[in-house]
Amino acid sequence: MGRRGWLALLFGLTVIVGLTLLRAADPYPVQVARETTFDLFQQLRPREVQADLPIRIVDIDETSLAHIGQWPWPRSTMADLSNRLTELGATAVVFDLLFSEPDRLSPMATISRGENYDTTFASALSLGPTVLSLSQSGRAAVTDLAPKSGLAMTGEDPLAQVPQLGGAAQPLPVLSEAARGLGVASLDREGAGVARRLPMLWRNGDSVLPSLSVEALRVALGVSTLVVIGNNAGAGTVEQLRIGDFAVPTGPSGDIWLYFRHLPQDIYLPARDLLADGYRDLAPQIAGHIVLIGASASGLFDIRASALGTAVPGVSIHAQALEQMLTGVFLDRADWVGGLEMALFALAGLLIVLAVIFTGPIVGLVVSLTIAGLLLATSWWAFSQPRLLIDPSFALLGALLLYAAMAFFRFAVTDADRRRIRRAFAHYVEPSLLTRIEADARLLELGGDLRDLTVMFSDVRNFSALAERTTPAGLVDILNRLFAALGQAIVNEKGTIDKFMGDAVMAFWNAPVDVDRHAERACLAALAMREALHRLNASAEEPIAIGIGIATGPALVGNVGFERRFDYSCIGDTVNIASRIEGACRAVAHDILVTQETAAAVPDLALLPAGAIELKGKSGREPIYILVGDASMRRSPSFAALAAAHAQLLSDLASCNDYQRALDNCRREALAVDARLGPFYDACLMRAEDFREATTPAAS
């Protein structure tokens with residue numbers, strides 16, 4: 001390999017390392033892509049069940065609400081449900097419903113006897129294998145309910161990563177004491193989004209509460225104790241949960257990946273059928289079954305998104321988890337899988353880099369597509385056979401990005417001259433000018449030539465005071481927004497931005513390529529900068545003022561520096577004058593000043609002579625003009641009246657007459673043109689000598 005080959009290899013390895021570190025950091029977009037891919041796998045191949053499982057769902061659906069009445073139903077109705085399910089032989093009656101508030105429908109006669117529907121419901125709960133639920137809630141107090149099950153553990157602190165329950169909406173004490181089981185119905189830690197993982201255990205201070213599905217299976221089996229098997233290496237993680245003879249492999253935090261199937265319709269029993277007179281006919285579907293009671297009615301707000309891409313009742317997700325426990329069908333994503341994914345990506349990336357370097361982009365594309373296909377096929381096989389979740393999404397996206405980066409690198413190296421030109425000028429000149437520069441690379445050679453330029457300097461007034469009142473971060477934000485607006489105005493008028501210097505901007509026109517009417521374009525850019533600043537100040541907490549100086553004349557322009565580091569800039573007396581008159585904006589009390597040469601080149605714009613000022617390093621005074629507006633203002637009657645009044649003022653000043661009346665007349669006419677001219681005429685009282693020394697007393 002030559003020098004470029006080694007550079008390409010180094011570049012490719014850098015991209016591989018960067019992408020591998022991104023995968024190790026596992027930001028949210030990477031997680032979303034991975035989990036969406038696993039959802040797609042489940043949609044293509046849902047979980048299969050060969051036999052009918054002993055699980056039923058009593059569904060509070062729309063028809064049940066229409067038949068029984070609106071929700072909430074009286075606790076006496078819930079007691080009837082519990083009693084009838086117990087009578088029909090359910091091994092567990094599991095309520096995926098919250099009973100955290102007292103019943104409000106109890107009749108006064110019952111209450112007068114010291115009873116109510118809550119006590120009726122509690123009595124029904126105590127007679128059967130019932131399980132109540134509580135739900136995680138950030139707005140509720142921490143639950144004080146003790147778990148109904150015992151807990152045995154192996155390993156060193158296996159519950160360290162189990163999620164903390166925190167606040168919870170819990171059943172009434174009279175109900176929770178009567179039930180045989182108590183489980184957490186929350187489906188995940190966030191409580192929203194697609195249900196993909198289900199915690200089997202929740203920490204609650206020093207105790208542990210099982211999930212609703214775990215507690216349902218425990219009560220159905222008549223088991224008193226759950227067994228948590230931790231990592232033997234003392235990692236403080238959960239490896240397995242045992243419920244009687246059933247083993248549930250879990251992730252480190254004690255959760256499982258939900259593996260969905262499309263539940264058959266006969267698993268659902270409408271609640272109204274259990275509450276009807278012929279409920280005993282349902283005995284074959286209830287006896288020996290775990291019965292979950294939940295709601296699919298949309299108005300009860302217990303609808304969640306599943307990995308199959310469908311909206312399902314929350315109670316059905318607990319049923320899916322129970323089916324996985326009973327059949328032993330689980331999805332596995334062991335700790336080492338993430339490391340395997342990164343290793344596979346790094347190896348695939350290296351093959352892609354070598355293919356692009358030694359065979360070119362076309363063959364490299366074929367190799368990349370082949371590798372992507374193999375990665376996808378491997379992930380699908382792992383999901384279909386050992387039910388191992390291996391994420392192909394990052395490897396596929398990473399391979400695409402890597403190939404694109406390598407192809408771009410080759411293109412960039414072979415087109416280095418064009419890329420170097422665009423990098424040097426893209427931020428400083430208008431796109432059409434950049435296209436002309438790219439056509440002639442000789443413009444980037446060191447050296448320069450003498451050209452007629454128009455040079456502009458712009459500076460923020462009272463910047464030091466602004467910096468003292470503003471934080472560094474805030475100051476940077478202000479300057480960035482300011483320079484973006486001012487720079488865009490310059491580029492729009494085909495100007496070249498030379499540099500940003502603290503709070504100042506330097507730009508010039510008519511280089512590196514010819515620009516017609518460059519003095520006029522510079523003046524129009526200055527007016528556009530004034531308007532852009534006005535828009536920024538409309539929403540700013542503290543207004544910003546700028547001064548702009550423009551000079552036209554000869555200057556040396558070209559690349560200054562050495563072969564490996566140079567700047568395209570201009571130098572000369574015209575540049576110095578533009579900088580000096582920008583500084584004179586304070587004394588003149590106007591925001592845009594131009595030289596006499598610039599004024600002569602823009603006869604169609606609204607200009608007024610502002611006297612002749614002394615500049616540092618100049619032997620004589622420099623005549624200057626204030627730029628008031630564009631050509632439309634120049635043709636307006638109000639400006640014509642102001643120009644006439646201004647000419648009279650200049651005449652009175654030159655002849656040392658009493659000029660107060662002329663000055664007052666100018667102030668009055670200025671109000672009709674631009675209120676910003678008021679300070680300019682106020683300053684004229686202090687600058688009478690500048691006007692007397694002016695060599696051009698006539699208005700433009």
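1. Ground rules first. Residues are numbered from 1 along each chain as its sequence is written, and side-chain values use heavy atoms, with hydrogens and water left out. As this is a prediction, local features need pLDDT of at least 70 and side-chain atom pairs count only at pLDDT 80 or more, while totals for chains, interfaces and linings use all residues.

2. Start with the largest nonpolar core, which has 46 residues. (Such a core is a set of buried Ala, Val, Leu, Ile, Met, Phe, Trp, Tyr and Cys residues joined through side-chain atoms within 4.5 Å; buried means under 20% relative accessible area with a 1.4 Å probe, protein chains only.) V455, I626 and Y681 have the most contacts inside it. Helix α24 (residues 637–654) is its biggest contributor, with seven residues; helices here are DSSP runs of H or I, at least four residues, numbered from the N terminus.

3. There's also a second, separate core of 43 residues, with I57, L258, A319 and F330 among them.

4. Now look at I626. Beyond its neighbours within four places in sequence, its contacts (heavy atoms within 4.5 Å) include V588, I592, L607 and F680.

5. Helix α19 (residues 518–538) has 21 residues and reaches 30 Å from first C-alpha to last, close to the 30 Å expected at 1.5 Å a residue, counting one less than its number of residues. Its buried residues include H518, R521, C523 and L533.

6. Which helix gives the most to the lining of the largest cavity? That's α12, with three residues. (A cavity is a set of points on a 1 Å grid over the protein atoms alone where a 1.4 Å probe fits but cannot get out; lining residues have an atom within 4 Å of a point.) R23, E341 and D391 are among the lining residues.

Terms used: Helix = DSSP H or I, 4+ residues; strand = E, 2+ residues; numbered from the N terminus. Buried < 20%, exposed > 50% of the residue type's maximum accessible area, 1.4 Å probe, protein only. 1 Å grid on protein atoms, 1.4 Å probe; cavity = no way out; pocket = protein on both sides within 12 Å on 5 of 7 lines; lining within 4 Å.
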